[in-house]
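Subject: Structure handover

Hi there,

Here is the structure I promised to pass along. Have a look at it first, and my notes follow below.

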Amino acid sequence: MWRRSASFVLDKQRQQPDESRTERLDMSERPETLANPNPNPGISAYYETRAAHHGVVTSDWLAQAQAAVTRDPADLTLEKGLVAPAASSSGSAKAFSVIDEFNRWRKQPDLAEAVAAILALTAVIRTSEATTMMELEIELKKASDSLKSWDTTSISLTAGCDLFMRYVTRTSALEYEDFNAAKSRLIERGEKFGEISRKARRTIAMLSQDFIFDGCTILVHGFSRVVLEVLKTAAQSNKLFRVLCTEGTPDRTGLRLANELAKLDVPVKLLIDSAVAYAMDEIDMVFVGADGVVESGGIINMMGTYQIALVAHGMNKPVYVAAESYKFARLYPLHQKDMAPALRPIDFGVPIPKGVEVETSARDYTPPQYLTLLFTDLGVLTPSVVSDELIQLYL
Amino acid sequence: MDSRRASRMVIDPKPKVRQVGFFTPGAPPERTKSSPAESLSSPPTSDMSPAGNSLSPVMIPPPRHASDNLSSSLGLNSSRVLPVPVPMSPIRRPSTGDNLNLPLGSYNPSESLLGTSLSPSSGFDDEGLSEDTSTSGWFVRGNPGKVASSFPSGGFDTTAMKSRNIPVVSNLTTVSVVKMPPGLSGGIAEKGGTLVEVQHEQVRDSKLKEKTSKAERRALQEAQRSAKAASRAEGSKTAATSGGVTAANAKPAKAKASQKKEGSSVASSDRKGPEKDRKKDVPHPRMQFDDKQRVEKAKRRAVVKQTEARNRVELFRHLPQYEHGTQLPDLESRFFQLEPMHPSVYKVGLQYLSGDTSGSNARCIAMLQAFKEAIKDYTTPPEKALGRDLTAKISSYVSFLIECRPLSISMGYAIRFLKNRIAKLPLTFSETEAKATLCSDIDRFINEKIILADKAIVKHAVTKIRDGDVLLIYGSSCVIEMILLHAHELGRQFRVVVVDSRPKLEGKALLRRLVSKGLCCTYTHINALSYIMHEVTLVFLGASSVLCNGTVYSRVGTACVAMVAHAFRLPVLICCEAYKFHERVQLDSICSNELGDPDVIAKVPGREDVDHLENWANNENLQLLNLMYDVTPSDYVSMIITDYGMIPPTSVPVIVREYRREHLWM
């Protein structure tokens, strides 16, 4: 491996990557039917959605993608204009449910769970008939509680709800305005969040460029939109690097990432999940996303992240985490079992004999001591800063 | 790099065992000497002396190499033993600047430094001094020629000022005072405050050779003049030989004042002037009990007549240790004739002394309640201001309490809070109004900082207890007891392993209370820790304080429990109210600790057959060490549960920074 140090990259002039590359992702289809309020609480809705978004590479996925490209643009405008009809219809019929709303937003692949939650809460504000801030707050609290309890496994949903509640209760800008102005301000702010989430990804991608140097080999695990953005930006700025993708069983998200990267002409190699230690020799850095960043500075991410981090730590390879700051959650797991388990059915392809248990947990917790740096839209942070940010945000 | 070697020669021979924890700054004396030496060629390093002084016993001495480079670049020849401004690295400098403004985490020095830097009028008529205080010369760097002239004396004055200042601030001698420039100490000795210390002979010798500057010569003269007075002290030699401070003519009034007020550091610092506010942020230096003169003096003034224990452990001589059981009857007999002390304060003091009130929360509450009583009964003497007189009063109470038992960190915070409230009282308030305000403030403090904080902690901690858990607890912490009881009330199915240790056996009382509430408990001693740890899933520990680097300062044995748990990969949860967080940094258990009665570890009650240590005090080769606290490095702590939530140990400084300050001023 030549030029191990990333510093020489700084000498080169970075090209400004064009902003409009990511828009394609918006185009995938939006399901017409509303999801029922959590039909099966035993299975993590969060991971179901993820599977639906970037799920298995199968023929029907390809067909879906095909359909997405030729999607009716009217659909998009309808979505943008959803504001008014949603308000009027639910206002009259009283049928508005924050969970439905959330599910509607959630189905958009480019929209993070937290953002979907915030958009749903914004919709609550819009339909609210409250006349005082206090009333509105109570209503919001109820809505966010029901959202949170609807899917307790999703960390970013919880974090998004908390974040927005925090904003509503904390903003000093609201105090000297009349109620309607405040309300519209909140709505405006909430609607901006979708934009913010996209911008956060850009920021993270730019920040991480200093760490990707020519000739490096990067191991990625799972499918993370942020990590994809990072790699995409690196590829666009003509960096020469190689990516090793884990397969990411059971939902095989690694395949999906490999697929995306191959389109960008990045050399990709696929590994089965158990080959991480074998391949660690030739790896320069590990890049992972995160479902949630917890107070200790550790991350909760797709199953397998912990063992990759352990192996990387054992071989002195840096582990970088790319995560937007709205994934910061006020949780503090002490060990792997100290979380609400997110269950996910696993298909082994063969019938499981009776009496054999299957570990169906979908994620694990990586303690902060195994992480090197976190790339967030707040900057490049060490794990211990996460808690500082959280304290400042929530206290 | 000859200079490096030379400097190491200066530094290395010193740290014998004796000096490990609390003698860090070999710096001051050497530095003083150095300043003139450097001023010959070019003085830029001497501008760091204030920072050097601010090195506290608990701070890490800054790296040597930087200054090595410095010295070599200055062209100092290597044969001259390079003085220790050496340890000043450029990195340190900013902190020097900070020191003037914000109190740093370190203990004494910043306080004394504050005092000096802010009170140029405090009686220095020395030209070098005024120069230094008035300009930012210390921090000037890179134009050596210009500043050069002021430095020889400048460098001195800072040390001098500092060291002189410390007695002013309090009688609690800091390390730096012990080693302070002797001329100065001579001066003080003249006034009766004898601060001299026999140590670092080598350093001094080398120092002598270097004496060159005018300032030094004058200092020497003065030192010799004062040597007469100082010669009584055993450190007189130091004073006479090493000399070197221009501030020997330090204003005596201050020193006297300090003597009067000795033991009540807070009071004196309060009365000192505009800088007092800032100073109060800084924890007060502890008296170094290996300084015989000062101990003597302190004793003369002490209300509690204590006898020093014999055969104290060398490494811990700087900590107070008394023969237990001697003072209590004496105090009790004087209960009705004790004029200055309020009876409720007296009672609390006795409780501390006898050990009836222990645990930092309980002690803090007891103290505050006593103060409340005292404030209720207080009347302002004629021609005195309530703010000042009451502060002095409180300070005298505090010094009495310190005599009974050293303050805990929680109490220190509470005292600072109270004094702050007194200082912040509007002048327009009448006496009754003021008293009512203070009482309600005290109540609010107890309520918000302790009771509600405990509730918040319990709320957070209970979420970590799951069915089937086996919790290990050590010692007796009231908040942990509350957590266990609350979890039990919630119907969680868990088991508790109560680990206990001699000699206090605090766990027994806790065990009794837990069992009576129907909890399933196992009781064992710390000796069996590694065995019992197998079945444990979670370790809950209390803390006397959490320091800024995440270090947990707690009952002795806690570190052991935490380390074993860490070795077993078990999560270690520390429960501690945020008001016990402290901006200090401590790396070992030596420099700040408390010594218990050594007799209790020598005797095992009810076991005559193992009493082999009778009359141990008569054997000079035998020393018993009964430490009260130890520090647990943050590596072994998984989480700190505090009223602001569950935080990693790395976030303690954030809490201290974000919340402590504002609440202190509330």
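Which residue's side chain does A:Asp338 meet in a salt bridge? The partner is B:Lys464, at 2.9 Å from N to O. A salt bridge here is a side-chain nitrogen of Lys or Arg within 4 Å of a carboxyl oxygen of Asp or Glu.

Before you read on, please note that this is a predicted model, where local features need pLDDT of at least 70, side-chain atom pairs count only at pLDDT 80 or more, and totals for chains, interfaces and linings use all residues. Residues are numbered from 1 along each chain as its sequence is written, chains are lettered from A and ligands numbered from 1 in the order in which they are written, and side-chain values use heavy atoms, with hydrogens and water left out.

**Where the chains meet**

Between chain B and chain A there are two salt bridges and eight residue pairs in polar contact, both residues at pLDDT 80 or more. A polar contact is a pair of N or O atoms within 3.5 Å; within protein, one must be able to donate a hydrogen and the other to accept it, and residues adjacent in sequence count only if both atoms are side-chain atoms. On the side of chain B that touches chain A, strand S11 (645-647) and helix H30 (652-664) each supply at least two residues. H30(B) gives the most, with five residues. Helices (H or I, at least four residues) and strands (E, at least two) are DSSP runs, numbered from the N terminus.

In total, 21 residues of chain B are in contact (heavy atoms within 4.5 Å) with 17 residues of chain A. The two chains bury about 1,400 Å² between them, 55% of it on carbon and sulfur atoms; this is the accessible area (1.4 Å probe) that the two parts lose on being put together, summed over both.

**Within chain A**

The count of salt bridges over all chains is 24. One joins the side chains of A:Arg202 and A:Glu229 (2.4 Å, N to O). A:Arg202 lies in helix H10 (residues 179-208) and A:Glu229 in helix H11 (residues 225-236), so the pair ties together parts that are 27 residues apart in sequence.

There is also an open sheet of three strands in chain A, in the order S5-S6-S8, with antiparallel pairing; strands pair if DSSP finds at least two bridges between them. S5 (292-293) and S8 (363-366) stand at the edges with a single partner strand each, so one side of each is left without a neighbour in the sheet.

Happy exploring!
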